[in-house]
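Here is a short tour of some local features to look at in your viewer. Have the sequence and the 3D view side by side as you read.

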Amino acid sequence: YALESKNISAQILPAERFLLRARMRPEAAAVEKTARMLLEAERPLLVVGDEVWKSGAQAELVAFAEKFGLPVAAGTQGFRNFPVRHPLYLGNFSMGAEYVKAGVDLLVMVGAKDFGGRVVPGAPEAPSSARIVRIGLDTASMGRNYPTDVALVADVREALSDLRAAVEGLATKQRIASVGTARADQVRAMTAAAHARGDAAARKTFGQRPIHPLQLGDAVARAIDRDAIVVSENLTGRYDAFPFGFRENEPMWVGNTGNSLGWGIGASIGAKLASPDRQVVCAIGDGSVMYSASGFWTQARYSIPVLTVVWNNRNYQAVRFAYHSYKGKMAETGKYCGMYLGDPDIDFVRLAESQGVGGEKVERPDQLDAALKRGIAATRDGKPYLIDAVIARYGGGAESTWHETFQLAERRKRRV
């Protein structure tokens with residue numbers, strides 16, 4: 001009816017008339033109990049999620065962790081809610097992580113979803129001996145699978161503010177400083193060693209052909225603006241070199257938290273529309289491109305200058321990882337059904353060019369820096385650009401190029 005009606009007008013209202021910001025304060029008794037637990041804990045750990053970003057509590061979270069010497073790990077998240085190169089940041093939460101294996105007695109879930117729920121686990125996905133505190137408003141996802149000892153049902157920023165004040169009210173400055181320093185020194189040593197090991201391992205991959213994903217990540221991280229927005233739809237990409245965070249000199253990460261495909265190109269367009277004066281890079285897997293390639297036409301028509309980097313390993317690698325982990329017939333035979341995307345190879349440059357987006361293919365490591373400079377120059381001129389980077393596969397089944405060889409043309413009885 002609205003499409004067929006004539007002389008229709010509408011009023012455009014400000015966003016704050018519709019987006020209701022909840023700034024709930026936590027229950028005082030829960031805050032005091034949590035404050036005591038934080039002071040008494042031998043090996044606490046903050047696990048952070050996207051309610052931190054939604055609350056605008058990133059700076060408060062950094063100050064909170066630094067004040068009390070608290071290590072930070074990431075739960076499921078679409079943003080980087082804590083600077084990833086911060087000395088207190090341990091990376092994604094894992095039961096196999098060095099800090100966790102050594103024992104954790106207190107988990108504080110800050111705006112984070114609960115562990116588990118995706119598969120039937122073979123072992124616990126959270127430390128069974130740890131007490132668990134949950135902070136946030138999304139109670140439907142906070143405590144679905146593992147028990148809760150204390151819940152601060154509140155806006156994350158308000159909760160952190162109240163919790164900090166409560167801890168400071170329970171102990172002297174000297175005690176807080178002593179506890180925080182002891183915790184932080186241990187974690188800083190651990191993260192410094194981990195970064196050194198990671199950087200050394202990455203350097204060993206440089207110069208390989210096909211290009212190793214670690215070298216592609218390093219090249220992109222060096223080339224882009226310090227405050228670029230990186231939109232990723234590449235579940236097995238290697239972003240070790242990117243200093244993601246929320247501060248002015250850190251690139252911003254935007255990722256999808258599910259396993260479905262088709263989100264990345266459209267999300268990068270949305271990011272550029274929302275922040276036209278920031279560089280936007282779409283880091284996307286070759287399989288993911290095929291779910292949303294029509295977005296290149298949108299980029300060209302409306303002059304949306306996104307730099308798209310296709311991490312092209314001719315594979316649905318994330319799915320292959322899952323298949324390989326089952327240790328069944330596919331892993332035994334090296335035949336991973338529907339995973340190999342070569343034969344024929346997809347020409348992403350021509351795919352983009354057919355819709356008005358320029359681009360180039362990169363197959364050697366020594367071509368990366370120049371290609372990225374050309375791509376960035378194009379976007380600065382207001383034009384979208386695509387780089388098709390041919391990279392190596394890694395992990396179980398990486399060497400397999402097996403695929404189904406059904407040929408319908410050979411089965412015809414008539415040449416029609």
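The notes below go through a charged residue, a helix, a surface patch and some backbone details.

This is a predicted model, in which local features need pLDDT of at least 70, side-chain atom pairs count only at pLDDT 80 or more, and totals for chains, interfaces and linings use all residues. Residues are numbered from 1 along each chain as its sequence is written, and side-chain values use heavy atoms, with hydrogens and water left out.

**Arg183**

- Arg183 is found in helix H7 (residues 173-205); helices (H or I, at least four residues) and strands (E, at least two) are DSSP runs, numbered from the N terminus.
- Arg183 is buried and has no salt bridge, where buried means under 20% relative accessible area, exposed over 50% and partly exposed in between (1.4 Å probe, protein chains only).
- A salt bridge here is a side-chain nitrogen of Lys or Arg within 4 Å of a carboxyl oxygen of Asp or Glu.
- Asp105 is the nearest side chain of opposite charge to Arg183, 7.1 Å away; Lys and Arg count as positive, Asp and Glu as negative, and His and the chain ends are not counted.
- Leaving aside neighbours within four places in sequence, Arg183 is in contact (heavy atoms within 4.5 Å) with Leu38, Leu39, Ala41, Pro44, Phe68, Gly69 and Leu70.
- A polar atom of the Arg183 side chain lies 3.1 Å from the backbone oxygen of Phe68.

**Helix H9**

- Helix H9 (residues 264-274) has as its buried residues Gly264, Ile265, Ala267, Ser268, Ile269, Ala271 and Lys272.
- These buried residues pack against strand E7 (229-233), strand E9 (280-285), helix H10 (286-289) and helix H11 (295-301).

**Surface patch**

- Leu13, Phe18 and Leu19 form a nonpolar patch on the surface, with about 290 Å² of accessible area together.
- Patches are made of residues with over 30% relative accessible area and no salt bridge, with like charges joined within 9 Å and nonpolar side chains (Val, Leu, Ile, Met, Phe, Trp, Tyr) within 5 Å.
- Accessible areas come from the Shrake-Rupley method with a 1.4 Å probe, and for residues only the protein chains shown count as cover.
- Leu13 is found in the segment before helix H1 (28-40).

**Backbone details**

- A cis peptide bond joins Arg209 and Pro210, with omega about 5°, and Pro210 sits in the loop between H7 and helix H8 (213-223).
- The peptide bond from Asp343 to Pro344 is cis, with omega near 0°.
- Asp343 has a positive phi near 55° and is exposed, at 54% relative accessibility.
- Asn7 is not a glycine, yet has a positive phi of about 55°.

Notes
Polar contact = N/O pair within 3.5 Å; in protein donor to acceptor, adjacent residues only side chain to side chain.
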